[in-house]
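Subject: Structure for you to look at

Hello,

Here is the structure I said I would pass on. Please open it beside this message and follow along.

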Amino acid sequence: MARIAGVNIPTNKRVIIALQYIHGIGAKKAEEIVTALNLPAERRVNQLTDAEVLQIREMIDRDYLVEGDLRREVSMNIKRLMDLGCYRGLRHRRQLPVRGQRTHTNARTRKGKAKAIQGKKK
């Protein structure tokens, strides 16, 4: 099993698909990596040589922001918005949808489980 950027990528999948298991690498970036290193598109991870795995690892470390560094940067961006007190930051702070979605109905993923309305006790 190849380990790239701290992630064990699956060995029986094609390289383009397996690279997408790394946070921060999607289909487009995986395609760029494979074409830049001149790897055949149908090549599987278990068919890669150690030198090719090393090339992939070095290219990702050099050219892309992935895994822990990317997660840290995203969380710092969100924290910056919250500290500024801008509208997006306030929405993050209240755990509501940030990008203009409605909340009267829907938004259950962001708002959490529905809370029952407590009626008057007699």
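**The largest pocket and α4**

With four residues, α4 gives the most to the lining of the largest pocket. Before going on, note that this is a predicted model, in which local features need pLDDT of at least 70, side-chain atom pairs count only at pLDDT 80 or more, and totals for chains, interfaces and linings use all residues. Residues are numbered from 1 along each chain as its sequence is written, and side-chain values use heavy atoms, with hydrogens and water left out.

Some terms come first. Helices (H or I, at least four residues) and strands (E, at least two) are DSSP runs, numbered from the N terminus. A pocket is found on a 1 Å grid over the protein atoms alone: it is an open set of points where a 1.4 Å probe fits, with protein on both sides within 12 Å along at least five of seven lines, and its lining residues have an atom within 4 Å of a point.

The volume of the largest pocket is about 210 Å³, where a volume is the space filled by probe spheres set on the grid points, and points are joined across faces, edges and corners. Its lining consists of Val74, Asn77, Ile78, Leu81, Arg88, His92, Pro97, Val98, Arg99, Gln101 and Arg110.

Helix α4 has 18 residues, and from its first C-alpha to its last it reaches 26 Å, close to the 26 Å expected at 1.5 Å a residue. The expected span is 1.5 Å times one less than the number of residues. Glu67, Leu70 and Leu81 are the buried residues of α4; buried means under 20% relative accessible area, exposed over 50%, and partly exposed in between (1.4 Å probe, protein chains only). Seen down the axis of α4, these buried residues fall within an arc of 90°, so they line one face of the helix. The arc is taken from the directions from the helix axis to the C-beta atoms. The buried residues of α4 pack against β2 and α5, with contact meaning heavy atoms within 4.5 Å. On the face turned away from the buried side are the exposed residues Asp83 and Leu84. Just after α4 comes Gly85, with a positive phi of about 80°.

**The largest nonpolar core**

Which residues touch the most other members of the largest nonpolar core? They are Leu19, Ile22, Ile33, Ile56 and Ile60, out of 23 residues in that core. At least two core residues come from each of β1 (2-4), β2 (7-9), α1 (15-19), α2 (27-36) and α3. A nonpolar core is a set of buried Ala, Val, Leu, Ile, Met, Phe, Trp, Tyr and Cys residues joined through side-chain atoms within 4.5 Å. In soluble globular proteins, nonpolar side chains tend to be buried together.

Leaving out residues up to four places away in sequence, Ile60 touches Ile4, Ala5, Leu19, Ile22, Ile25, Ile33 and Val66.

**Helices α2 and α3**

Ala30, Ile33 and Val34 are buried in α2. Down the axis of α2, its buried residues fall within an arc of 95°, so they line one face of the helix. They pack against α1 and α3.

In α3, the buried residues include Glu52, Val53, Ile56, Met59 and Ile60. These cover an arc of only 130° around the axis, which puts them on the same side of α3. Their cover includes β1, α1 and α2. The face of α3 turned away from its buried side carries the exposed residues Asp50, Asp61 and Arg62. Asp50 has 70% relative accessibility, and its C-alpha lies 9.0 Å from that of Ala2, 48 residues away in sequence. Gln55, also found in α3, is partly exposed at 39%.

**Two loop residues**

Most residues other than glycine have a negative phi. Asn38, in the loop between α2 and α3, has a positive phi near 55° and is exposed, with a relative accessible area of 67%. Ala107, in the loop between α5 and α6 (108-111), has a positive phi near 65° and is buried, at 17%.

Regards
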